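Please examine the sequence and the structure shown below before reading the report.

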Amino acid sequence: MNMKDYRTAKYNIEPIFINRWSPRAFREDEIPEKTLLGVLEAASWAPSAANIQPWRFVIARTEKDRNRFYSFINDGNLTWCKKAPALILVMSKTTTERGPSISHAFDAGSAWGFLSLEAAHKGLITHAMGGFDRNKAKEVLGIPEEYQLHAVVAIGYQGDKKGLSEVHQEREKPSGRRSLDETVFEGKFES
Ligand SMILES: Cc1cc2nc3c(=O)[nH]c(=O)nc-3n(C[C@H](O)[C@H](O)[C@H](O)COP(=O)(O)O)c2cc1C
């Protein structure tokens with residue numbers, strides 16, 4: 001696959017930003033421990049308000065742990081994510097010593113961004129899923145009330161799309177983006 005057929009950057013940016021995308025076809029190969037921990041370490045270098053680092057990650061890379069995750073992931077996502085060798089639940093602590101945190105979700109989003117880029121840099125693919133039962137995940141994983149669950153990220157090596165359903169085979173290509181002038185506003189916001 002030639003990325004240029006799907007994505008081009010108008011300005012001079014690091015290629016990793018357009019080379020990262022979210023395939024659904026995984027190979028079952030395990031991720032070496034140092035590689036996986038390196039990806040999580042990159043996430044932990046994300047900036048956060050007052051350096052509180054509200055993000056937390058629960059990883060599932062054994063059959064037993066992955067099965068526990070499958071119990072709360074939506075059926076539509078289960079059709080493809082079961083081949084991924086590891087799943088990472090991304091969540092954040094919604095409280096600080098001084099009361100509610102107003103930036104925990106923003107900070108955790110940053111950490112997920114770093115995670116996905118470091119994974120791409122290491123030749124891995126990631127695919128975030130918001131489609132899972134958050135209450136069940138909290139119950140099954142023993143997560144206290146004050147944590148907000150954001151996404152389960154499937155991570156591994158890219159596989160052959162022939163292993164996907166027909167619908168997902170058709171979608172198995174990098175998506176585009178709207179143009180920058182629809183996203184960036186000069187001086188004042190216009191809706
Ligand atoms: C928070 C979040 C939740 C998502 N939930 C799902 C999901 O439940 N199922 C799925 O197939 N893709 C899901 N995605 C993947 C997005 O659809 C994908 O990132 C988006 O279309 C942009 O494509 P790209 O990542 O290939 O650039 C999710 C992504 C994010 C960041």
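## Basis of the report

The structure is a predicted model, in which local features need pLDDT of at least 70, side-chain atom pairs count only at pLDDT 80 or more, and totals for chains, interfaces and linings use all residues. Residues are numbered from 1 along each chain as its sequence is written, and side-chain values use heavy atoms, with hydrogens and water left out.

## The ligand and its shell

Around the ligand there are 15 residues, and those that come nearest are R7, S22, R24, H127 and G130.

A128 uses its backbone instead, with an N or O atom 3.0 Å from a nitrogen atom of the ligand. Taken alone, the ligand exposes 630 Å², of which the protein buries 62% (areas by the Shrake-Rupley method with a 1.4 Å probe). The elements α4 (75–81) and β6 (125–129) each give two or more residues to the shell, and β6 gives the most, with three. Helices (H or I, at least four residues) and strands (E, at least two) are DSSP runs, numbered from the N terminus.

## Aromatic pairs

The whole structure contains four aromatic pairs (ring centres within 6.5 Å). One of them joins F72 and F132, with 6.1 Å between centres and 55 degrees between planes. This pair is tilted, as planes under 30 degrees apart count as stacked, over 60 as edge-to-face and the rest as tilted. F72 lies in the loop between α3 (63–70) and α4, and F132 in the loop between β6 and α6 (134–141), so the pair ties together parts that are 60 residues apart in sequence.

## The ends of α6

At the start of α6, a side-chain oxygen of D133 reaches to within 3.1 Å of the backbone nitrogen of N135. After α6 comes G142, whose phi is positive, near 70 degrees.

Conventions:
A residue is near a molecule or strand if one of its heavy atoms lies within 4 Å of it. A polar contact is a pair of N or O atoms within 3.5 Å; within protein, one must be able to donate a hydrogen and the other to accept it, and residues adjacent in sequence count only if both atoms are side-chain atoms. Rings of Phe, Tyr and Trp (its six-membered ring) pair if their centres lie within 6.5 Å; planes under 30 degrees apart count as stacked, over 60 as edge-to-face and the rest as tilted.
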